[in-house]
Amino acid sequence: MRTRISWFQASSIAWGIAFLYLPIAILVIYSFNASRLVTVWGGWSLRWYAELLHDEAMRDSAWVTLRVGLLSASAATVLGTLSALALVRSGRFRGRLVFSAMVYAPLVMPEVIIGLALLLLFVAVGFDRGFWTITIAHTTVTMCFVTVVVQARLMTFDRSLEEAAMDLGCPPLKTFLLVTLPLVWPAIASAWMLAFTLSLDDLVIASFTTGPGATTLPIRLYSQVRLGVKPEINAICTILLAVAALGILAGSGLAARRERGREEAARLTAKL
Amino acid sequence: MTLANRDDVDVMRGETAGRPLAGRSLGARVIVLVPYLWLAAFFLVPFLIVVKISLSQITMTQPPYAPLFDAAAGWEGFKAFLAALSLNNYEILAADTLYLEAYLKSLEVAAISTAMLLVLGYPTAYGIARAPRRLQAALVMLVILPFWTSFLIRVYAWINILQHDGLLNQVIVALHLADHPLTWLSTDTAVFIGIVYSYFPFMVLPLYSTLERMDTALFEAAADLGCPPWKTFWVVTLPLSRPGIVAGVLLCFIPIVGEFVIPDLLGGSSTVMIGQTLWTEFFANRDWPTASAVAIVLLALLVVPIVIYQHQQLRELERGR
């Protein structure tokens, strides 16, 4: 659609964007506030960041959260890619309806239900709660998001490339590794990123499935946020925002370079 | 070509339609079975356990419910176990208006905020879809970006603004819109603001993806035939964007009904939603059977929208093949 943009459209976009970014901007600005009173501006300062450095509990939680995130995102990416292949490529197998129901339900299912159900499972089988139970829980939920992302890429995939490889005698597994995987790789990478951030972000499911010694960052933040606004929380939120922003920048930088590479390749082929 | 693994080739070509899983090669079976078994173990089985515990009684033991199923007791033990199950917890849910009110409040909040999201999200999605092509990707990125930051942080950001001496009240007093600070936090308004803020991308993205795919020739045809722009929107654009509207509404409505964090942090005692009730039953009262019954009833309320959502997702999948 390439009609000229009207005043109404421009302003509705602008309002939408302002609504999305203003609260975050305010939070970041107030993390540099020198005053302990969160509503009074006392000048710029890095005081609360310095105080965070000495907060051992916060550091421990950050480490637990990071480990859960890395592990569950990687497991979810493998499982989610397999189930995307199953949904798009395996045709109609017995139990496909149940399978797709199990894949799509966690996307919308309220988190309190998933958290409770998983906890009761871990109690029923006598599994000690802690790091591993959170990791399993996050893997289960995030693999469904991975499935949707990878599935979208597989559906627009040009199958003739695989067929050409196989007609030329390439065995299926090798075709998958040498043709399919490199082509869907960007989708798999962004699915991993999505799974990772969902895991870092999760409070409800982690609260249900956690145990002693495995307090994730959102759980610790939540218990402090309930007590009200504190400049230290603003500071830690700002750090988390910066980490997320860096991740996104790195991701889009990679995408841009890939795009340039592709253009370069197209130019070269045109010359030939 | 080596024909030893004919089935693998079929899977790669999507030619295995309708065949039973058992007749396929190892590779094809692994692709389906590994995620299948994982989801069955960690998604399906847990729900059966929730159903079972919702029929149990609260006890002072660890785990805090009875009866426990003892496989060693054999058939007699199983019969005794079945006999000890009861619908008691559901009777409690029906008898106490506290639960009924929480369910109704959740449905009400979800319905109103989903309507607000649609009204706010549609113009944004429409604006992006009609923007120049080269700007579209950047605008979509701008809408998704906050979604990559923590949910908790975004809700917390609003506490900063809405608290008694927060920025909103400072602005209001400075502009003489009111002579004393107003109460924002712990009200329904705060809950609606928090929900609309947090779910905004979930509404905009499905709307954008249908609006963007729409054939512009249709609008030109309508305009050529003398249809005024507002009417074109009403009789062409809106009906054609129905799949996006349905997806966006369901993607927001279903999780909002069970929302916990937003009403807990921004809402007051008048906005107790069912997610909070479940949380309190479980963590504060340690009443696992009642918490399970609350979860099962919530699931029963949401089963119709969830099935519609899945049906739509599957149809998208079939269409894309």
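**Figure 1. Secondary structure of chain B in the predicted model.** Chain B contains 15 helices and two strands. Of the contacts in chain B that link residues at least 6 apart in sequence, 68% connect residues at least 24 apart.

**Figure 2. Overall dimensions of chain B.** Along the principal axes, the C-alpha atoms of chain B occupy a box of roughly 75 × 75 × 35 Å. The radius of gyration of chain B is 26 Å, whereas a compact globule of 321 residues would have one near 20 Å. Of the 321 residues in chain B, 41% are buried.

**Figure 3. The largest nonpolar core.** This core comprises 154 residues, and L116(A) and A117(A) have the most contacts inside it. Helix α9 (residues 188-213) of chain B supplies the largest share of the core, 14 residues. In soluble globular proteins, nonpolar side chains tend to be buried together.

**Figure 4. Surroundings of A117(A).** Beyond its neighbours within four places in sequence, A117(A) is in contact with P46(B), F47(B), I49(B) and V50(B). A117(A) is also one of the residues with the most contacts inside the largest nonpolar core.

**Figure 5. Confidence along chain B.** The mean pLDDT of chain B is 82, and 90% of its residues score at least 70. Among the elements of chain B, the mean pLDDT is lowest in helix α1 (residues 6-13), at 48, and highest in helix α12 (residues 242-257), at 92. Residues 1-7 of chain B remain under 50 in pLDDT, and the model gives them nine contacts beyond four places in sequence. Residues 9-22 of chain B are likewise below 50, with 31 contacts in the model beyond near neighbours in sequence. For the model, ipTM is 0.83 and pTM is 0.84.

Definitions and conventions
Residues numbered from 1 in each chain as written. Chains lettered and ligands numbered in written order. Predicted model: local features only at pLDDT ≥ 70, side-chain atom pairs only at ≥ 80, totals over all residues. pLDDT = per-residue confidence, 0-100. Helix = DSSP H or I, 4+ residues; strand = E, 2+ residues; numbered from the N terminus. Contact = placed C-beta atoms within 7 Å. Core = buried A, V, L, I, M, F, W, Y, C linked by C-beta atoms within 7 Å. Buried ≥ 20, exposed ≤ 12 C-beta atoms within 10 Å, placed from the backbone. Rg over C-alpha atoms; globule rule 2.2 N^0.38 Å.
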